[in-house]
Amino acid sequence: MSSSKNTLFIVLAFFSIYVIWGSTYLLNKIAVTELPPFMLASIRFTTAGLLIFIIAKLMGKSLSITKKQLVNVFIAGFLFLTIGNGVVVWALKYVDSGFAALEISAQPLVVLILMRIFQGKKIKAMSVLGVILGIIGIYLLVSQNEVVSKEGSITGMIMIFFCMVSWASGSLFVGNADLPTNYFVNTGYQMVAGGLMLVIGSLIFGETWSLPNTWSEEVQWSMVILIVFGSIVAFTSFNFLLKKVSPDKVATSTYVNPIIALLLGWYFLEEVITTQSVVAAIVLLTGVYFINTKKKLVIFARFRK
């Protein structure tokens with residue numbers, strides 16, 4: 001691949017993980033106003049997973065999987081997609097898309113705390129500062145009267161936090177789990193597994209299913225973008241960038257996604273961005289930066305020999 005083409009693909013990939021992933025909150029919010037949340041999420045992930053299988057076969061990739069790997073992809077799919085994403089879609093019925101994105105941006109904080117609890121990993125000084133700022137940012141975000149006064153908003157906030165714990169647990173699980181070696185195939189299995197479990201959840205909660213031709217044009221387009229771009233293109237871009245640039249540059253999506261979601265929610269859905277939300281965003285994302293950074297916190301460095 002020539003240098004110019006490689007640069008172009010890197011730029012497009014960053015656009016994908018910044019804007020497309022940031023826009024999924026808006027798209028889910030649009031779709032969930034008309035469709036049952038678990039049905040919506042199940043269609044998105046099952047369809048995306050099947051499309052990934054088709055693409056993988058066209059690329060000559062093997063779809064073979066062992067029994068142990070199959071069990072593991074169902075566990076990962078449950079933690080990441082059934083709970084980690086499907087319940088977020090449900091929560092979007094009660095909270096603004098930008099608010100949900102901001103709360104979820106604290107994900108690294110939850111991962112860090114779980115690693116400390118279950119793996120005994122030592123938290124570095126910079127990360128401790130990040131955790132403190134993250135907690136302050138979350139408090140500023142969820143303590144607003146404009147937010148807590150909305151019907152169902154508190155339940156939505158609690159469920160989003162539960163989703164963050166589920167996603168963080170999934171992150172720790174896949175770190176040591178036996179999964180298909182090809183990341184594209186692995187994702188396809190996780191999406192199909194998570195989607196099928198969302199179907200079960202939808203049936204348990206008695207959701208009414210409908211055919212795409214009965215949906216509004218706005219919802220139809222939202223689902224197409226979520227499936228093709230949000231689930232396939234953005235994920236492929238993410239993995240492409242992990243091979244082409246440093247992980248810390250890829251991690252900048254953690255800071256950009258909430259800003260994109262806030263602006264899109266404000267522009268298209270007229271969601272209100274309060275001054276306290278802006279302050280909370282600055283404090284929270286600064287905390288996330290400190291958690292992710294590899295730099296060391298040096299206190300009273302001039303006294304060191």
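How far apart do the end C-alpha atoms of residues 10-142 lie, and what percentage of the span is helix and what percentage strand? The end C-alpha atoms of residues 10-142 lie 36 Å apart, and the span is 80% helix and 0% strand, where helices (H or I, at least four residues) and strands (E, at least two) are DSSP runs numbered from the N terminus.

This is a predicted model, in which local features need pLDDT of at least 70 and side-chain atom pairs count only at pLDDT 80 or more, whereas totals for chains, interfaces and linings use all residues. Residues are numbered from 1 along each chain as its sequence is written, and side-chain values use heavy atoms, with hydrogens and water left out.

**View 1. The salt bridge between Lys-150 and Asp-96.** A search of the whole structure finds one salt bridge, defined as a side-chain nitrogen of Lys or Arg within 4 Å of a carboxyl oxygen of Asp or Glu. The pair links distant parts of the chain, 54 residues apart, with Lys-150 in the loop between helix H8 (145-148) and helix H9 (153-174) and Asp-96 in the loop between helix H4 (86-91) and helix H5 (97-104). The closest N and O atoms of Lys-150 and Asp-96 are 3.3 Å apart.

**View 2. Gln-69 and the backbone of Leu-179.** Gln-69, found in helix H3 (residues 67-83), is buried because its relative accessible area is 11%, the classes being buried under 20%, exposed over 50% and partly exposed in between (1.4 Å probe, protein chains only). The side chain of Gln-69 reaches the backbone oxygen of Leu-179 at 3.4 Å.

**View 3. A nonpolar surface patch involving helices H13 and H14.** The patch of about 880 Å² is made by Ile-259, Leu-263, Trp-266, Tyr-267, Phe-268, Leu-269, Ile-273, Val-278 and Ile-282; patches are made of residues with over 30% relative accessible area and no salt bridge, like charges being joined within 9 Å and nonpolar side chains (Val, Leu, Ile, Met, Phe, Trp, Tyr) within 5 Å. Helix H13 (253-269) and helix H14 (275-292) each give two or more residues, and the largest share, six residues, comes from H13. Val-278, in helix H14, is partly exposed, with a relative accessible area of 41%.

**View 4. The tilted aromatic pair of Trp-266 and Tyr-267.** Ten aromatic pairs are found in the whole structure, where rings of Phe, Tyr and Trp (its six-membered ring) pair if their centres lie within 6.5 Å, with planes under 30 degrees apart counted as stacked, over 60 as edge-to-face and the rest as tilted. Trp-266 and Tyr-267 lie 6.4 Å centre to centre, with 55° between the planes.

Key:
Areas by Shrake-Rupley, 256 points an atom, 1.4 Å probe, with all protein chains shown as cover. Polar contact = N/O pair within 3.5 Å; in protein donor to acceptor, adjacent residues only side chain to side chain.
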